[in-house]
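Please open the model in your viewer and keep the selection tool at hand. The tour below moves from one selection to the next.

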Amino acid sequence: MVKYVLKRIGYLLLTLFIVASITFFLMKLLPGTPFNNPKIPAAQIAILRKQYGLDLPVWQQYLNYMVGIAHGDFGESYQFAGQTVSYLISTRIGPSLQLGVQAMIIGTLLGILLGAIAAIRKNTWVDATATIFAIIGRSIPNFVFAALLQFWLAYKWRLFPIALWDGFSSSILPTLALAMAPLANTARFMRTEMVDVLSSDYIELAKSKGESQWQVVAKHAMRNSMIPIVTIIGPMAVDLMLGSLVVENVFAIPGIGQQFVQSITTNDYPVIMGLTMLYSVMLTVVILIVDILYGFIDPRIRLSGEGN
Amino acid sequence: MADTKENLQLGPDAFKHVATNTQAQEKIAAPSLTFSQDAIRRLKQNKFALISFWILVIIGIVALLSIWFSPADPNRQHLAYTHLPPKWGNLNIPFINGYRNGIDMYAKNGVPKGTYFFLGTDYLGRDMLSRVLVGTRVSLFIALLATFFDLTIGVFYGIISGWKGGTTDTIMQRIIEIISSVPNLIVVILMLLVFKPGLTSIILAIAMTGWVTMARLVRAETLQLKDQEFVLAARTLGESSTKIAFKHLIPNLSSTIIIQTMFTIPSAIFFEAFLSYIGIGLPAPTASLGTLLSDGQKVLQIYPSELVFPAVVIVVLMLAFNLLADGLRDAFDPRSDNR
Amino acid sequence: MQPAVAKSVAKPTDNGTVYTYNLRNSKWSNGDDVTASDFVFAWRRTVDPATKSQYAYLYSGVKNADKIMAGKAKASTLGVKALSKDKLQVTLEHPIPYFNTMLVNPAFFPQSEKAVGEYGKKFGTQSKYLVFNGPYKLTGWNGTNNSWKEVKNPTYWNAKNVHIDQINVTAIKDPSTAMNLYQSGKLDDASLTGDQAAVAKSKPDYQGVKQASTFYLELNEKKIPAFKNTKIRQAIGMSINREEYIKKVLQDGSIDAPNVTPQGLAQDPSTKEDFSKEAAKGYSQYTQYNPKEAKTLWTAGLKEANLKTLSVELLTDDTDNAKKSGEYLQNTLEKNLPGLKVTIATVPFKTRLSRSQNGQFDMVMGGWSADFPDPITFLDLFTTDGSYNDGKWSNAQYDKLIEQSKTTYATDAEKRWQALIQAQQILTKEQGIIPIYQRVQAHLVNPKVQNLKTAPGGSYNFVGVTLKK
């Protein structure tokens with residue numbers, strides 16, 4: 001097991017190295033400078049470029065950049081003069097993580113519930129409603145959904161704060177907006193799993209032992225259907241990252257998603273590179289943890305993983 | 001091959017004779033069907049999937065026909081008629097009577113009698129109905145083409161990786177691992193920053209990132225098929241790998257490919273919408289569902305109709321594709337017999 | 001113009017090259033005195049290339065500034081001297097008639113040497129690494145967040161006229177979110193998009209803030225030789241219905257621009273007439289919508305250029321206004337000028353800037369805001385070797401007039417004015433650039449907020465602002 005984890009971490013580092021290199025050279029292909037002020041004359045720009053080390057040959061810049069990354073230094077933001085990318089991310093990651101975790105928890109819990117109900121009442125109107133609801137959750141683009149939530153729940157009915165990041169209450173609407181994707185995914189997945197489990201032999205056995213349907217579901221079916229959900233945590237994390245770009249923008253939340261969108265429109269390459277690396281690290285780590293977790297839950301996976 | 005021998009000790013008294021009805025045994029309850037016939041039969045039983053299928057066909061035909069029969073030129077500007085609400089002839093039904101906040105916007109803007117915009121007009125006075133039609137067509141076009149590329153890359157990558165095995169497989173899997181460790185949205189964004197923004201680069205960007213899932217599924221299936229008798233037989237008979245791939249593998253992979261395709265199309269539509277929202281979508285004045293939605297979202301509270309119509313179209317499209325994909329998966333999956 | 005930390009607006013001596021400022025007694029927010037040497041320190045620090053200031057170029061014209069920026073002289077040789085604790089002397093290379101007006105730019109503000117030394121590299125990166133001598137102190141800004149507070153600074157010299165104790169500022173990108181916050185009373189001032197402005201126009205809390213920014217089309221004469229033809233440029237200028245465009249597309253109350261120099265920027269030294277209005281007299285027909293004349297000019301121009309058709313790409317950025325403007329211009333130009341084909345390229349704002357500067361465009365919608373209130377801040381752009389003359393329009397007489405305004409007529413206000421007016425008229429007649437509109441920023445402002453003034457550059461002045469109970 002230890003050997004397997006170490007090997008995986010080795011691959012992870014290799015992956016990140018390649019990602020960093022590719023992003024670096026992609027960014028070098030693009031126009032753009034650290035200079036915010038459009039009015040700087042060309043002669044002055046030449047001087048500033050030297051100050052920023054942008055006049056060096058590309059391979060030397062690459063070396064500097066990679067050495068920097070190894071020390072956790074992603075350079076300075078072009079947009080926020082004098083702020084390092086690492087500092088920028090450290091001040092902004094809090095709200096994003098909080099929203100992500102909240103959305104993940106709420107989304108999965110509600111999704112499990114919805115999926116389970118649909119499976120138990122299979123092929124009835126309950127099932128149909130739950131299925132349609134889950135699909136609609138994925139069918140409305142989240143920038144539309146977030147704007148609707150804000151308009152109705154916050155502006156018209158004044159149930160929640162409209163926007164900004166100011167305490168827990170202001171995180172409710174963005175969490176709901178974000179939770180739709182994991183909710184829909186979990187619900188559909190849960191339904192399929194649960195239907196399988198409910199028609200399996202041991203459930204029949206439990207039923208034949210005279211346990212009520214409620215007992216069967218609570219004691220056996222729920223637990224066994226929930227385990228495979230671990231496998232979709234990775235893709236859900238990706239969905240959440242994508243969603244946060246939009247939701248943070250609509251609700252004016254100072255998180256990394258909003259920062260990413262802003263960096264794109266302002267050509268803030270160091271921040272784009274830093275955030276790309278961050279997203280990759282988060283995703284690979286999530287996948288690694290999921291794999292390890294799953295190895296513990298289901299020994300067969302561990303064995304085949306080691307054999308690979 | 002693999003025979004399991006169980007160590008059971010049962011005496012003759014453990015069995016009792018059951019009367020057999022040979023006639024009943026011989027009777028075939030259902031007509032004999034090929035696999036695809038069976039799948040179609042099952043699909044037809046799924047009401048949602050069937051309705052979805054026909055909705056998609058209708059949307060596709062309407063979007064296609066609008067190339068020749070558009071109610072108006074979707075890019076024709078009418079600055080005198082900007083932001084008109086929907087109006088359906090002289091019907092006096094709220095929301096489609098040309099009134100906004102109790103004012104007849106058509107009269108206020110001096111629109112001649114007999115001129116109606118069924119879905120209203122946008123910020124340059126362009127006919128929304130025509131724009132929604134062309135937008136649907138463009139979005140579908142992007143999604144279908146991106147899916148086609150992603151299917152081609154994914155299927156071949158998966159087959160080669162699974163079929164060759166060994167070092168080739170290991171290297172190809174490592175590459176997939178690296179690609180999938182960057183969220184594909186980020187890859188798309190990076191690519192759009194490097195290439196000139198436009199239809200082609202959006203299609204390529206979506207295709208380049210979408211094939212990974214397909215490749216994984218195809219590889220897994222190929223690994224299984226590889227050891228099956230009919231493939232072994234073909235191999236023994238000396239057929240080339242290419243021929244085996246086309247004659248034996250792809251037909252047997254078709255259900256996986258079809259299902260995955262049905263899931264990829266809606267996510268490509270979604271992606272395009274998302275890219276428009278963050279400002280790196282299609283260049284103006286081309287309409288797509290994405291550009292219509294992101295323009296509409298900005299004026300949601302002032303001119304809701306400009307968001308509602310494209311939103312309805314995208315929701316219907318997504319619903320239909322997803323329900324159809326679900327139906328197909330159930331239809332192709334023999335396990336789902338009893339569902 | 002009003003003096004702030006100076007006791008009065010200084011009159012130049014030595015043929016317009018030496019300015020001596022008497023400073024009033026005032027303190028930094030940490031209790032130290034604001035002295036002339038704080039200015040000397042700040043100015044030297046800003047022009048020093050090691051500081052990497054992106055506004056250092058504004059100092060060009062102060063003695064030795066250009067040499068220091070190029071690394072050919074030490075920062076200590078800059079033409080600024082503290083004669084005593086409260087006497088500051090500035091020496092220029094050559095007379096700059098608008099030098100006093102330039103000093104309103106924050107790049108010329110003082111910096112506390114003690115604070116910069118104490119905070120070192122961190123100076124200015126967060127609100128806690130700053131000291132203030134203005135009406136408000138910045139708090140709660142960690143360098144990267146989108147909201148912060150301005151708290152009244154008791155050591156400000158004019159603190160008795162500061163009536164509001166705290167101002168909360170938030171940057172909100174989504175316009176509907178800002179509107180919702182304003183309407184539910186969470187904000188007292190929100191800026192609006194054109195669509196929002198069109199609806200809010202009739203409300204009592206609507207305000208249009210006229211800015212000293214002009215937006216115009218630049219035609220790349222280097223890349224598209226046809227744009228060298230004056231008739232073709234004039235045809236484009238006359239085929240845009242600015243009135244309709246502003247009313248229907250922008251909707252934010254912007255005003256059409258007959259000249260590149262915006263209204264309200266400068267006044268005639270003798271008649272007090274507005275520069276832009278004076279320059280437009282007799283020249284307004286070049287920016288007047290006249291499709292018939294445009295077509296005639298266009299056909300003649302194409303013939304002279306030996307062309308039947310012309311295909312160009314219009315470069316715009318992805319901001320809301322720019323996108324709409326691009327679509328509108330494409331449509332109207334193609335409609336009025338037969339044989340013209342316009343495609344639109346939309347890129348992020350900053351990419352648009354760098355592509356304009358590198359000449360990678362056919363036609364681009366750009367804008368310029370005044371750095372200081374003098375027409376030269378606009379007219380200087382379009383000389384043959386002007387660094388922002390992206391379209392590379394060139395006119396010898398124009399160049400000569402601009403040069404004269406800086407040299408021969410530098411100390412003669414009346415003659416200088418006439419030279420600038422003439423230059424502006426040449427630019428308009430030739431349509432070297434095609435002016436479209438002067439921006440007005442639409443706001444909703446809580447009626448309780450009174451006396452809020454905005455500088456032409458768009459910055460607020462909260463001194464003297466009161467809240468009605």
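Predicted model: local features only at pLDDT ≥ 70, side-chain atom pairs only at ≥ 80, totals over all residues.

Residues are numbered from 1 along each chain as its sequence is written, and chains are lettered from A and ligands numbered from 1 in the order in which they are written.

**Chains A and C.** Select both chains: 34 residues of chain A are in contact with 35 residues of chain C (contact meaning C-beta atoms, placed from the backbone, within 7 Å). On the chain A side, colour α2 (42-51), α4 (85-120), α6 (142-156), α10 (233-250) and α11 (256-265), each of which supplies at least two residues (helices are DSSP runs of H or I, at least four residues, numbered from the N terminus). The largest share of this side, 5 residues, comes from α2(A).

**Domains of chain B.** Next select domain 1 (37-75 + 128-331) and domain 2 (84-120) of chain B, whose bounds come from an automatic or database domain assignment. Their centres, taken over C-alpha atoms, are separated by 38 Å, and the contact between them takes 6 residues from domain 1 and 6 residues from domain 2. On the domain 1 side, α5 (128-164) and α12 (305-332) of chain B each supply at least two residues.

**A record entry.** Finally select residues 136-325 of chain B, which UniProt lists, in an unreviewed entry, for "domain: ABC transmembrane type-1"; such annotations may be inferred rather than shown by experiment. Over this stretch the chain is 84% helix and 0% strand, with the end C-alpha atoms 20 Å apart (strands being DSSP runs of E, at least two residues).

Notes: Contact = placed C-beta atoms within 7 Å.
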